[in-house]
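Biologist: Please show me the model, and then let us go through it one question at a time.

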Amino acid sequence: MIERLSTSQEDLHSAELQEDAEAAGCTRICDSYDREIVKVTGTLRTVTLRPRAGVPALEAELFDGSAALDVVWLGRRSIVGIEPGRRMIASGRIAMSHGRRVLFNPKYELRPLGQEQ
């Protein structure tokens, strides 16, 4: 109890996300490597529209408590439900781009809104 009171909100949120990943049978982002097919879960921290090679691309940062990765949907300007603070499960092949893990056009599942904290 004392440990829980002395722990920061960010640390508590990270621990909760890692527990969710374990329960869903997902790979921790920090344990994934280039070209590996993974299933990850976490919270979307940011969502931005950033063109890539002249093509619209919706980018989001997914954080699971251990690390973050970029989720990129090429050719999309927006996707209903993809917004900061939303939890999701994504699967696909990890790529490394500029030293960051990236999932391009992943299969994804949005978690019900009632599960966000």
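Biologist: In β2, which residue is the bridge partner of Leu 49?

Modeller: This is a predicted model. Strand β1 covers residues 37-49 and pairs with β2 in the antiparallel sense, over six bridges. Within β2, Leu 49 has as its bridge partner Leu 58.

Biologist: Which residue in β3 does Ala 60 stand opposite?

Modeller: Strand β3 consists of residues 68-74, and its pairing with β2 is antiparallel, over seven bridges. In that pairing, the residue of β3 opposite Ala 60 is Val 71.

Biologist: Which residue takes a positive phi in the hairpin of β2 and β3?

Modeller: Four residues lie between the two strands of this hairpin. The positive phi there is near 100°, and the residue that takes it is Gly 65.

Biologist: Is strand β2 largely enclosed or exposed?

Modeller: In a regular strand, side chains alternate between the two faces of the sheet. In β2, Ala 57, Glu 59, Glu 61 and Phe 63 point one way, while Leu 58, Ala 60 and Leu 62 point the other way, and all are buried. That makes seven of the seven residues in 57-63 buried, so the rest of the structure leaves β2 largely enclosed.

Biologist: How many residues does the largest nonpolar core have?

Modeller: Among the residues with the most contacts inside this core are Leu 62, Trp 73 and Met 88. Strands β1, β2, β3 and β4 each supply at least two of its residues. Leaving aside neighbours within four places in sequence, Met 88 is in contact with residues including Val 40, Leu 62, Trp 73 and Ile 82. The size of the largest nonpolar core is 17 residues.

Biologist: How far apart are the closest N and O atoms of Glu 59 and Arg 50?

Modeller: Glu 59 has a relative accessible area of 7%, and is therefore buried. Arg 50, at 44%, is partly exposed. The two form a salt bridge, and their closest N and O atoms are apart by 2.9 Å.

Biologist: Which residues do salt bridges that share partners join into one network?

Modeller: Glu 61 and Arg 100 meet through their side chains in a salt bridge of 3.1 Å, N to O. Glu 61 is in β2 and Arg 100 in β5, so this pair ties together parts 39 residues apart in sequence. Asp 70 also forms a salt bridge with Arg 100, with the closest N and O atoms 2.9 Å apart. Through shared partners, one network joins Arg 45, Glu 61, Asp 70 and Arg 100.

Conventions. Residues numbered from 1 in each chain as written. Predicted model: local features only at pLDDT ≥ 70, side-chain atom pairs only at ≥ 80, totals over all residues. Heavy atoms only, no water. Buried < 20%, exposed > 50% of the residue type's maximum accessible area, 1.4 Å probe, protein only. Pairing = 2+ DSSP bridges. Core = buried A, V, L, I, M, F, W, Y, C linked by side-chain atoms within 4.5 Å. Contact = heavy atoms within 4.5 Å. Salt bridge = Lys/Arg side-chain N within 4 Å of Asp/Glu carboxyl O.
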